[in-house]
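Please keep the sequence and the model open while reading.

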6 protein chains.
Amino acid sequence: MFYHIKELQYHAKPAKPDPVFARQLQEVLGGQFGEISVMMQYLMQGWNARADDKYRDLLFDTGTEEIAHVEMLATMIARLLDDAPFEDQKNAYDTNPVLAAVMGGTNPQHAIVSGLGALPADAEGYPWNAKYIIASGNLLADFRANLNAESQGRLQVTRLYGMTDDPGVRDMLSFLIARDTMHQNQWVAAIRELEEREGDIVVPTTFPRSLEKQEVAYTLFNFSRGDASSKGRWANGPSMDGRGQFNYVAKPEPFAGAPKLKPAPFLYHDTPPKSMM
Amino acid sequence: MFYHIKELQYHAKPAKPDPVFARQLQEVLGGQFGEISVMMQYLMQGWNARADDKYRDLLFDTGTEEIAHVEMLATMIARLLDDAPFEDQKNAYDTNPVLAAVMGGTNPQHAIVSGLGALPADAEGYPWNAKYIIASGNLLADFRANLNAESQGRLQVTRLYGMTDDPGVRDMLSFLIARDTMHQNQWVAAIRELEEREGDIVVPTTFPRSLEKQEVAYTLFNFSRGDASSKGRWANGPSMDGRGQFNYVAKPEPFAGAPKLKPAPFLYHDTPPKSMM
Amino acid sequence: MFYHIKELQYHAKPAKPDPVFARQLQEVLGGQFGEISVMMQYLMQGWNARADDKYRDLLFDTGTEEIAHVEMLATMIARLLDDAPFEDQKNAYDTNPVLAAVMGGTNPQHAIVSGLGALPADAEGYPWNAKYIIASGNLLADFRANLNAESQGRLQVTRLYGMTDDPGVRDMLSFLIARDTMHQNQWVAAIRELEEREGDIVVPTTFPRSLEKQEVAYTLFNFSRGDASSKGRWANGPSMDGRGQFNYVAKPEPFAGAPKLKPAPFLYHDTPPKSMM
Amino acid sequence: MFYHIKELQYHAKPAKPDPVFARQLQEVLGGQFGEISVMMQYLMQGWNARADDKYRDLLFDTGTEEIAHVEMLATMIARLLDDAPFEDQKNAYDTNPVLAAVMGGTNPQHAIVSGLGALPADAEGYPWNAKYIIASGNLLADFRANLNAESQGRLQVTRLYGMTDDPGVRDMLSFLIARDTMHQNQWVAAIRELEEREGDIVVPTTFPRSLEKQEVAYTLFNFSRGDASSKGRWANGPSMDGRGQFNYVAKPEPFAGAPKLKPAPFLYHDTPPKSMM
Amino acid sequence: MFYHIKELQYHAKPAKPDPVFARQLQEVLGGQFGEISVMMQYLMQGWNARADDKYRDLLFDTGTEEIAHVEMLATMIARLLDDAPFEDQKNAYDTNPVLAAVMGGTNPQHAIVSGLGALPADAEGYPWNAKYIIASGNLLADFRANLNAESQGRLQVTRLYGMTDDPGVRDMLSFLIARDTMHQNQWVAAIRELEEREGDIVVPTTFPRSLEKQEVAYTLFNFSRGDASSKGRWANGPSMDGRGQFNYVAKPEPFAGAPKLKPAPFLYHDTPPKSMM
Amino acid sequence: MFYHIKELQYHAKPAKPDPVFARQLQEVLGGQFGEISVMMQYLMQGWNARADDKYRDLLFDTGTEEIAHVEMLATMIARLLDDAPFEDQKNAYDTNPVLAAVMGGTNPQHAIVSGLGALPADAEGYPWNAKYIIASGNLLADFRANLNAESQGRLQVTRLYGMTDDPGVRDMLSFLIARDTMHQNQWVAAIRELEEREGDIVVPTTFPRSLEKQEVAYTLFNFSRGDASSKGRWANGPSMDGRGQFNYVAKPEPFAGAPKLKPAPFLYHDTPPKSMM
């Protein structure tokens with residue numbers, strides 16, 4: 001169960017409105033790796049975790065914090081939209097090229113749909129959807145998803161940091177970037193601990209290795225002409241999981257012949273055999 | 001540029017048809033973490049990589065192999081659909097409860113849309129879409145995405161392995177599981193090398209740390225009552241990136257006050273001020 | 001900012017597992033009118049509300065409660081999936097028609113993707129997306145959206161109530177149904193208050209009526225043959241907003257002629273004029 | 001069955017082309033609350049209505065009119081695109097900043113995809129989809145959906161009215177705004193009649209109240225710190241449905257304990273118990 | 001502008017309910033090539049056609065008829081859902097395996113969401129979306145889209161015909177199949193006429209051939225090992241447009257070298273050059 | 001199985017960067033009729049083809065070539081993004097209207113998400129999805145889909161050709177346009193051959209004509225007032241398939257009466273009968 005307080009976790013006030021940046025900032029609110037994604041991903045992983053322990057607590061700690069990040073971004077975007085010049089566009093093209101240029105950089109749904117509010121969408125107006133997230137029931141797999149999300153997320157926020165010089169926006173972004181630093185660190189810590197506990201780095205660690213086709217479990221197949229990749233760590237020496245030796249196949253050959261499918265029964269009205277000679 | 005040969009990388013022939021499993025197997029063809037995802041992700045990362053080196057070659061080697069995995073799965077699904085009893089459903093409900101039960105487990109689009117062919121969709125008929133993938137321009141970030149994809153992917157394939165006992169299907173899955181073992185190993189190797197080269201584990205490593213809010217860069221905020229998470233590695237000791245000390249805040253307080261947004265201009269016909277008293 | 005406690009707002013424990021109902025119950029977790037929708041809709045409306053008052057507080061009270069409903073449903077679904085027979089399907093079709101029938105009613109992603117956890121999706125596996133919700137900046141409009149969401153939501157939950165006889169599930173549903181009763185009541189109360197404050201029922205109340213085409217503002221056009229609709233309240237007497245008289249046009253005629261579009265410039269390679277004679 | 005005449009219900013001719021406004025106007029053609037939505041929603045509700053009466057007739061009258069509104073908007077957008085300067089962009093950035101600014105505000109798919117025609121999409125190019133609409137089988141629920149759609153729709157059209165000063169566009173919008181006035185009025189009338197006939201305002205009115213958890217059916221839980229919402233009509237006095245008394249809980253407590261999920265069977269390769277200590 | 005009559009274009013009454021077939025029949029109502037697709041595609045093409053002529057009239061004739069087909073299918077699906085056994089599922093798994101089997105084949109949203117009404121979705125519950133259709137402004141291109149839609153559509157309806165033996169359903173399908181026969185014929189007729197008028201079969205016919213890379217305009221490149229395709233009409237003799245000679249390249253070589261992309265500026269925090277050695 | 005070489009099929013190098021055109025060019029990479037669509041469509045058709053013959057070889061030849069076209073477009077877009085001025089936008093609105101105008105025409109995700117790389121999306125940032133494609137199992141149907149795809153695709157590329165004057169871009173487009181010329185020619189050739197082999201032009205050719213409602217198989221119904229369409233080839237003379245005579249019905253009448261649906265059982269809580277009088 002959740003409680004809300006009206007205060008923000010951190011300041012979310014720009015020095016001045018900027019509807020173009022408001023559109024761009026939507027990416028880290030409602031985009032593939034935005035705050036809605038991490039909020040929903042961590043909470044779903046927590047609710048689905050089939051154990052009651054410190055990992056579950058960590059997921060709820062972090063997922064609950066992310067709701068507050070969604071809140072900060074929504075607030076910031078609403079303020080960046082203050083005084084947005086959608087009304088003034090009527091004359092802009094005749095008299096005010098700079099204003100006209102601004103219009104091009106905005107998202108008109110910030111005027112028409114949300115009335116100067118944030119949208120649950122990305123920088124191109126694409127709505128957030130739940131296929132951005134994963135809660136697989138396997139925490140080692142999921143913590144890798146989390147590390148990825150925080151890596152992509154921090155990358156995007158640092159890019160946005162370089163695209164504005166508004167001190168209020170930068171102040172908030174510097175907070176989010178720091179939190180992503182923590183979150184990358186925490187998922188790395190949790191991943192290492194789980195790898196150690198499970199005694200393997202290959203997810204899932206519980207599938208019997210004898211059931212996989214072991215002869216190809218450590219082989220790099222050179223399917224792209226050129227041998228640059230043969231010089232990597234992944235092509236030589238002991239494998240990272242300590243259970244095999246990497247090897248490199250310069251000219252990979254197929255293991256199986258060309259398939260031939262049976263004709264479909266009449267019901268399906270597929271291409272009739274007489275056409276396939 | 002690409003070349004195709006008709007032979008399959010590995011065998012893709014079931015011992016006998018099984019339209020229910022055909023539907024389930026779609027998940028690892030056209031689902032969030034299916035073979036189309038890794039194929040498209042690695043190729044896009046390769047094409048966008050702003051350097052010509054062993055990582056790019058590795059991406060093309062692996063991405064090109066994944067097209068062959070898509071091919072194997074499509075072939076397997078088509079064969080699992082041989083003799084699918086869609087025509088026989090007409091009487092099944094009266095005379096053949098087992099057949100009726102089978103119908104419930106199938107995807108009717110395998111009959112109506114593809115005429116006994118594979119669909120570019122997941123086990124629930126949801127079509128593959130490109131928001132499943134990422135090519136960010138930052139290879140350390142992207143290799144983490146790749147490690148995540150191979151972890152979720154191998155997890156799903158091992159689950160499917162346990163849900164069938166068809167020796168032909170299991171043979172193919174044992175090949176795919178082994179390749180995912182290799183791919184997890186190779187992305188781990190590449191990640192470690194990049195972390196070493198870049199001298200940091202926090203993506204992006206190039207953003208000046210002085211610009212992030214350093215006081216919160218290593219803090220775990222306890223937003224979910226209960227202190228189980230305080231006992232984790234992530235709450236104590238040196239941070240994983242070696243640049244700070246983890247710390248734990250048992251009762252997190254907001255850094256900012258409650259926000260108050262300005263009323264919107266008349267144009268937007270938002271709630272009028274007189275209604276907001 | 002938000003805080004979480006581990007306790008659930010209400011019990012979420014079925015008397016026994018039921019993977020078929022788990023799939024069906026997904027509708028009110030991640031469907032068009034499920035709990036994720038109301039949670040996200042109320043929170044977004046609260047964050048975007050351009051005033052600091054009792055409506056905003058009401059939105060946060062209710063939005064925060066809805067996170068707890070998401071939590072309850074996720075927990076319930078996970079428990080309904082305990083002991084799901086995905087492993088046993090291997091022999092079901094030969095030996096156990098009832099089990100085979102069960103398989104047809106399940107969502108295989110509950111096995112393959114989430115490992116017996118809830119999915120952020122509906123009863124047909126379609127993922128939640130943010131186009132389900134609206135935060136328009138106009139609270140009268142949005143409270144109507146909320147009343148609609150609670151009406152559709154309660155309707156769906158009562159249908160599900162009739163589709164199960166598990167006392168644990170019914171107990172939880174009886175709680176959710178009651179909360180939807182409250183929420184319908186509260187949005188009706190808030191709507192009536194706003195209508196009174198704004199002195200109109202036509203949203204937005206602030207657009208000058210003189211600017212709309214007043215001659216057609218209270219007319220019912222009979223575009224579907226048959227005059228049953230002419231007998232409704234909407235076709236006669238004073239309009240509901242008290243500003244006009246409803247009237248009925250039995251044989252509606254167009255106000256404008258047939259349009260003729262100009263040919264497109266050469267650039268677009270539209271159908272060339274010579275083809276359009 | 002339907003018949004078409006070539007004449008438009010109302011004029012749809014701008015005074016002059018404006019490709020930027022063409023993009024913005026797409027919102028009320030193919031957006032979440034655009035004319036395609038109401039057209040499809042009313043028709044589907046009519047086709048699914050399990051009775052042959054005045055409501056059904058009203059749905060077809062209005063749904064059929066909405067096809068004509070889609071037609072008017074498509075025509076208007078095509079005309080706003082006449083003479084769109086996509087060809088001239090080649091030099092715009094060197095010689096004509098105003099033209100360059102215009103390009104930013106346009107939707108390039110109006111050139112590339114539709115060749116100066118309207119698109120079945122919104123102002124950000126997102127395609128219309130059928131999850132925007134509902135036909136639930138319960139007309140009271142659905143008429144609330146309709147009232148919401150007409151409220152959001154009229155709000156959006158009035159915003160667009162303020163963003164243009166083209167007299168031809170404004171003339172058409174003044175017609176659409178007036179029709180939305182009628183449609184809000186008619187759905188209010190129909191809602192009130194149904195509420196009266198059914199003797200309740202809580203949808204569905206047919207679910208036995210004794211089966212819901214009555215102790216929480218009229219309670220406002222204060223989940224967001226601050227008591228502003230306690231002063232609303234929804235927190236005191238008789239409930240709007242006349243069947244209870246609103247009450248306010250200042251410090252809501254959970255009704256249930258913290259859940260603990262069972263470990264998953266081996267098949268799913270969820271996090272192994274040994275990792276969850 | 002449109003008018004509606006309550007009568008159906010053709011009968012839409014099954015001999016008896018069949019909720020499993022109701023789900024399957026959704027494909028040709030709301031699927032990729034269902035009736036909503038052709039209805040919306042023809043109407044949009046008509047509205048966007050930049051000429052007032054017989055093609056436009058043909059599009060409106062056919063598009064308007066398709067609304068009536070949507071109506072027939074919605075009606076049929078509602079009737080197939082009469083008496084659907086969702087309530088009885090409570091005991092089915094214990095006592096009635098056939099009923100349990102039926103449940104697996106149904107779409108639970110037919111109970112929960114639409115209350116026994118049709119859904120604007122396909123056989124897997126995926127909602128109709130406007131990316132299924134095209135109105136390009138070029139009628140020759142679009143009539144090919146229409147011919148494709150009617151070909152896929154008729155194929156799907158004939159498959160469904162073979163999956164039922166309900167005489168009422170088959171009667172309606174036999175009507176739809178015949179109409180698709182007409183529509184394929186009419187688009188073929190229109191295509192041939194346009195090809196003749198435009199003097200070419202390559203869309204768009206107006207792009208100057210001298211501006212395309214003529215040396216590769218009639219070449220079949222053999223990118224898939226094996227020379228079966230060299231024996232086709234497309235590899236030898238005069239091209240179908242009468243402007244060239246087909247030729248076959250057995251071993252295609254690249255025309256360009258390997259690309260090398262420039263490093264990205266610092267702003268983007270792409271992989272740093274030092275990592276790319 | 002597939003092999004890759006690093007060389008491009010054709011040159012993909014612009015004379016100079018142009019981030020606005022980069023956004024526009026995305027349409028033919030990741031849009032509805034872009035190169036990803038044809039690549040995936042042809043490969044899926046090949047994998048699903050239930051015969052081993054020249055058509056299958058042709059599909060693989062062409063599908064494999066299309067991967068190389070995706071590669072060329074991705075490379076071109078990355079190069080058009082070189083030096084994109086996202087960092088400079090900070091001051092653009094004050095000092096550099098032309099730069100500000102450029103920003104409006106760009107896709108900010110090219111900076112934030114892909115770090116100057118191509119996106120698997122269209123010109124409006126909408127991600128590619130697999131509902132763009134079809135592999136039906138019937139090659140005559142599918143080759144019509146292919147002809148449509150190449151027609152729409154070539155149309156879009158020629159429009160883009162007219163929207164740029166960059167000689168490097170135009171050079172690449174002239175190659176793609178020529179290949180689309182070939183592909184239209186080849187699908188026409190294959191379609192004609194299949195029509196001849198199957199002895200009919202109505203897909204599927206295998207459905208017994210006696211089972212369709214023959215009285216309406218060649219009739220044009222005039223549902224849109226005006227008789228322009230009666231003068232077309234499709235309304236008179238022998239049908240294109242040579243099996244009937246086209247005829248024209250000026251005033252189409254319904255074949256069936258108005259439907260009346262049964263009330264739904266109580267479970268569904270649809271509108272109660274007492275409300276439907």
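## Salt bridges and polar contacts

In this predicted model, 8 salt bridges are counted between chain A and chain B. One salt bridge joins the side chains of A:R154 and B:E212, with an N to O distance of 2.9 Å. Polar contacts between chain A and chain B come to 64 residue pairs, both residues at pLDDT 80 or more.

Which elements of chain A supply the side that touches chain B? Helix 4 (54-80), helix 8 (139-162), helix 9 (167-198) and strand 2 (219-221) each supply at least two residues. Helix 9 of chain A gives the most, with 16 residues. By type, the residues on this side of chain A divide into 54 nonpolar, 32 charged and 26 polar.

## Extent of the A–B interface

Contact between the two chains involves 112 residues of chain A and 112 residues of chain B. The area buried between chain A and chain B is about 9700 Å². Carbon and sulfur atoms give 61% of that area.

Three residues lead on the chain A side. A:K131, A:W234 and A:Y268 supply 8% of the area that chain A buries against chain B, more than any other three residues.

## B:N148 in helix 8

B:N148 lies in helix 8 of chain B, residues 139-162. Is B:N148 buried or exposed? Its relative accessible area is 5%, and the cut-off for buried is under 20%, so B:N148 counts as buried.

What does B:N148 touch, leaving aside residues up to four places away in sequence? In chain A, B:N148 touches A:A141, A:R144, A:A145 and A:N148. In chain B, B:N148 touches B:F33. B:K16 gives a further reference point: B:N148 and B:K16 are 132 residues apart in sequence, and their C-alpha atoms are 33 Å apart in space.

## Helix 4 of chain D

Helix 4 of chain D covers residues 54-80, which is 27 residues.

The N-terminal end of helix 4 of chain D is capped by D:D53. A side-chain oxygen of D:D53 lies 3.2 Å from the backbone nitrogen of D:Y55. Helix 4 of chain D is also mostly covered, with 27 of its 27 residues buried.

Technical notes. Residues numbered from 1 in each chain as written. Chains lettered and ligands numbered in written order. Predicted model: local features only at pLDDT ≥ 70, side-chain atom pairs only at ≥ 80, totals over all residues. Heavy atoms only, no water. Helix = DSSP H or I, 4+ residues; strand = E, 2+ residues; numbered from the N terminus. Expected span 1.5 Å × (residues − 1). Buried < 20%, exposed > 50% of the residue type's maximum accessible area, 1.4 Å probe, protein only. Polar contact = N/O pair within 3.5 Å; in protein donor to acceptor, adjacent residues only side chain to side chain. Contact = heavy atoms within 4.5 Å. Buried area = accessible area lost by both parts, 1.4 Å probe. Salt bridge = Lys/Arg side-chain N within 4 Å of Asp/Glu carboxyl O. Nonpolar A, V, L, I, M, F, W, Y, C, P; charged D, E, K, R; others polar.
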